[in-house]
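Here is a protein chain to look at. Take a moment with the picture, and then we'll walk through a few parts of it together.

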Amino acid sequence: MLEDTFRFRGRAFLFGDNIDTDAIINVNYLNVADPELLAPHCLEELFPGLSARARKGDILVAGDNFGCGSSREQAPLAIMGCGFSCVVAKSFSRLFYRNAINLGLPAITADAEAIAAEGEEIAVDCLSGVIRFPRADKEISGAPLPPFMLEILRLGGLAGFLKEQLKAEGRL
């Protein structure tokens, strides 16, 4: 069911402002494309042991300008390898945002960092953009993902989306 595919519930991991792609994944791992191999190195210099603490379904919550710096597809792959279901940030670098969507990692723009507490369970609805904080008995409205991005995510990323398009056109 589409609705369940884009609704996430998990522990919040808070990361602050201006987290750049060099911090998300070190340049030494740019020859790696496997999320599981990237995971142990995700944010390892800023948050040692993150991959050991993160569980499947957790939610990465950041402030302004998340994913700034160089354009590297390994950054969202490393985040996915840690098990994060989505990223919620007050703002994203445009390159990181599109890389995340294109690789199948939902990215929601919302100021959740101002409300979330480290480790609390929060709920993210990518269809409506609503983020719920049960501990604080609050919810905020972020930017819902547009239908074409939801379709890319539903198909596992841009490669899956393009494959589906080629099948529909009879070219695959």
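## Before we start

This is a predicted model, so local features need pLDDT of at least 70 and side-chain atom pairs count only at pLDDT 80 or more, while totals for chains, interfaces and linings use all residues. Residues are numbered from 1 along each chain as its sequence is written, and side-chain values use heavy atoms, with hydrogens and water left out.

Helices (H or I, at least four residues) and strands (E, at least two) are DSSP runs, numbered from the N terminus.

Let's begin with helix 6, which covers residues 94-103. Its buried residues are Phe 96, Tyr 97, Asn 99, Ala 100 and Ile 101. "Buried" means under 20% relative accessible area, "exposed" means over 50%, and "partly exposed" is in between (1.4 Å probe, protein chains only). An α-helix has 3.6 residues a turn, so residues three or four places apart point the same way. The buried residues of helix 6 pack against helix 2 (21-24), helix 5 (74-81), strand 4 (107-109) and helix 7 (147-154). After helix 6 comes Gly 104, with a positive phi near 100°.

Now for helix 7. The axes of helix 6 and helix 7 come within 7 Å and cross at roughly 50°. That makes helix 6 oblique to helix 7. (Axes are lines fitted to C-alpha atoms, for helices over the stretch in contact, and angles run from 0 to 180 degrees between N-to-C directions. Angles under 35 degrees count as roughly parallel, over 145 as roughly antiparallel, 65 to 115 as roughly perpendicular and the rest as oblique.) Which residues meet here? From helix 6 there are Tyr 97, Arg 98, Ile 101 and Asn 102, and from helix 7 there are Phe 148, Met 149, Ile 152 and Leu 153. Contact means heavy atoms within 4.5 Å.

## Strand 5 and its partners

Strand 5 (121-125) is mostly covered, with 4 of its 5 residues buried. Strand 1 runs antiparallel to strand 5, and 5 bridges join them; two strands pair if DSSP finds at least two bridges between them. For Phe 8, the bridge partner in strand 5 is Val 124.

Strand 5 also pairs with strand 6, again in the antiparallel sense, over 2 bridges. Here Ala 123 has Arg 132 in strand 6 as its bridge partner. The hairpin of strand 5 and strand 6 has 4 residues between the strands, and in this hairpin Gly 129 takes a positive phi near 85°.

## Charged pairs

How many salt bridges does a search of the whole structure find? It finds 8, where a salt bridge is a side-chain nitrogen of Lys or Arg within 4 Å of a carboxyl oxygen of Asp or Glu. One of them joins Asp 58 to Arg 11, with the closest N and O atoms 2.7 Å apart. This pair links distant parts of the chain, 47 residues apart: Asp 58 lies in the loop between helix 4 (50-53) and strand 2 (59-62), and Arg 11 in strand 1 (residues 7-14). Both Asp 58 and Arg 11 are buried.

Asp 22 and Arg 72 form a salt bridge too, with their closest N and O atoms 2.7 Å apart. Asp 22 is in helix 2, while Arg 72 is in the loop between strand 2 and helix 5, 50 residues apart. Is Arg 72 buried or exposed? Its relative accessibility is 8%, so Arg 72 counts as buried, whereas Asp 22, at 42%, counts as partly exposed.
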